[in-house]
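Trainee: Walk me through this one, please. I would like to start with the helix packing.

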Amino acid sequence: MASKPADVTATGGGVAVVRDNNNNAGGGGGGEAEVYRSELTPLQKHVAFFDRNKDGIIYPSETYQGFRAIGAGVVLSAVGAVFINGGLGPKTIPENTKTGLKLPIYVKNIHKGKHGSDSGVYDANGRFVPEKFEEIFKKHARTRPDALTDKELKELLQSNREPKDFKGWLGGFTEWKVLYYLCKDKDGFLHKDTVRAVYDGSLFAKMEQEKQSAKKK
């Protein structure tokens, strides 16, 4: 079935917002996407930080900008953008939407990008599961009850692995290792409240604000 033509809607100030047949804003350079006009799931909040123009679609350039905004280096940001958009993007693209090689991630459908061998803290719909979150620290935080060491993180990743789920293994390893690299304290601990903030979508904005404040000093 052929896709429907996109609709062009004029917004205040004469800015045109292009919407595809799934009512996702994009390509027009302005306007807030439909997904942000209702309550976001925790998983949507988690990725929304990287939607820098809030059009509902995250392109690799925005993922790169988001990583740089939270203090990641150029190489990590570039590799992360390609890996994340390349891995998640195709799963989130709405039916009958053509994107070419742009590798967009659609915030509305981010739950479809969940990989296997994960912690289960997000359910199939992207909702937060408190029991699964607490389970991470009950099972693996042995040095301190409120933090994970590098060794304990490796044990967590090992325990999450599903047989022959190589993509899931790589996805989980990358996500947790990047988080540990960026957020561990001087003693090598990844704190529970930091991990919780990742899952509820508040951590990245806080990190960006802290980096901006540090620049002003």
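Mentor: H5 and H6 are roughly antiparallel to each other, a label for angles over 145 degrees, with under 35 called roughly parallel, 65 to 115 roughly perpendicular and the rest oblique. Helices (H or I, at least four residues) and strands (E, at least two) are DSSP runs numbered from the N terminus.

Trainee: At roughly what angle do the axes of H5 and H6 cross?

Mentor: Roughly 160 degrees, and the axes come within 10 Å. Axes are lines fitted to C-alpha atoms, for helices over the stretch in contact, and the angles, from 0 to 180 degrees, are taken between N-to-C directions.

Trainee: Which residues make the contact?

Mentor: From H5, Asp150, Leu153, Lys154, Leu156 and Leu157; from H6, Gly172, Phe173, Trp176, Lys177 and Tyr180. Contact means heavy atoms within 4.5 Å.

Trainee: Before I go on, what kind of model is this?

Mentor: This is a predicted model, in which local features need pLDDT of at least 70 and side-chain atom pairs count only at pLDDT 80 or more, while totals for chains, interfaces and linings use all residues. Residues are numbered from 1 along each chain as its sequence is written, and side-chain values use heavy atoms, with hydrogens and water left out.

Trainee: Back to Lys177. What does Lys177 touch?

Mentor: Asp150 and Lys154, leaving aside residues up to four places away in sequence. The side chains of Lys177 and Asp150 are joined by a polar contact of 2.7 Å. That term covers a pair of N or O atoms within 3.5 Å; within protein, one must be able to donate a hydrogen and the other to accept it, and residues adjacent in sequence count only if both atoms are side-chain atoms.

Trainee: Different topic. Which residues of H4 are buried?

Mentor: Phe133, Ile136, Phe137 and His140, in a helix that covers residues 130–140. Seen down the axis of H4, these buried residues fall within an arc of 100 degrees, so they line one face of the helix; the arc is that of the directions from the helix axis to the C-beta atoms. Buried means under 20% relative accessible area, exposed over 50%, and partly exposed in between (1.4 Å probe, protein chains only).

Trainee: And what is on the other side of H4?

Mentor: Glu131 and Lys138, which are exposed.

Trainee: What do the buried residues of H4 pack against?

Mentor: Strand E6 (147–148) and helices H5 (150–160), H6 (166–183) and H7 (192–200). With H7, the axes come within 12 Å and cross at roughly 155 degrees, and H4 and H7 are therefore roughly antiparallel. H4 passes H7 in a right-handed crossing. Phe133, Glu134, Ile136 and Phe137 in H4 meet Lys192, Val195, Arg196 and Tyr199 in H7.

Trainee: What about H2 and H3, at roughly what angle do they cross?

Mentor: The axes of H2 (residues 60–69) and H3 cross at roughly 140 degrees and come within 8 Å. That makes H2 oblique to H3. The crossing is right-handed. Among the residues that meet there are Tyr64 and Phe67 in H2 and Ala81 and Ile84 in H3.

Trainee: Now backbone angles. What is phi at Lys54?

Mentor: About 55 degrees, a positive value although Lys54 is not a glycine. Most residues other than glycine have a negative phi. Lys54 lies in the loop between helix H1 (42–48) and strand E4 (57–58), and Lys54 is partly exposed, at 29%. Leu103 has a positive phi too, near 55 degrees, in the loop between helix H3 (74–92) and strand E5 (105–106). Leu103 is partly exposed, with a relative accessible area of 32%.

Trainee: Last residue. Where is Phe204?

Mentor: In helix H8 (residues 203–216). Phe204 counts as buried, at 11% relative accessibility. Phe204 touches His46, Phe49, Phe50 and Ile70, not counting residues up to four places away in sequence. Phe204 and Gly71 are 133 residues apart in sequence, and their C-alpha atoms are 10.0 Å apart in space.

Trainee: And the whole chain, how many helices and strands?

Mentor: Eight helices and seven strands. Of the 217 residues, 41% count as buried.

Definitions and conventions
Left-handed = near helix turned anticlockwise from the far one by under 90°.
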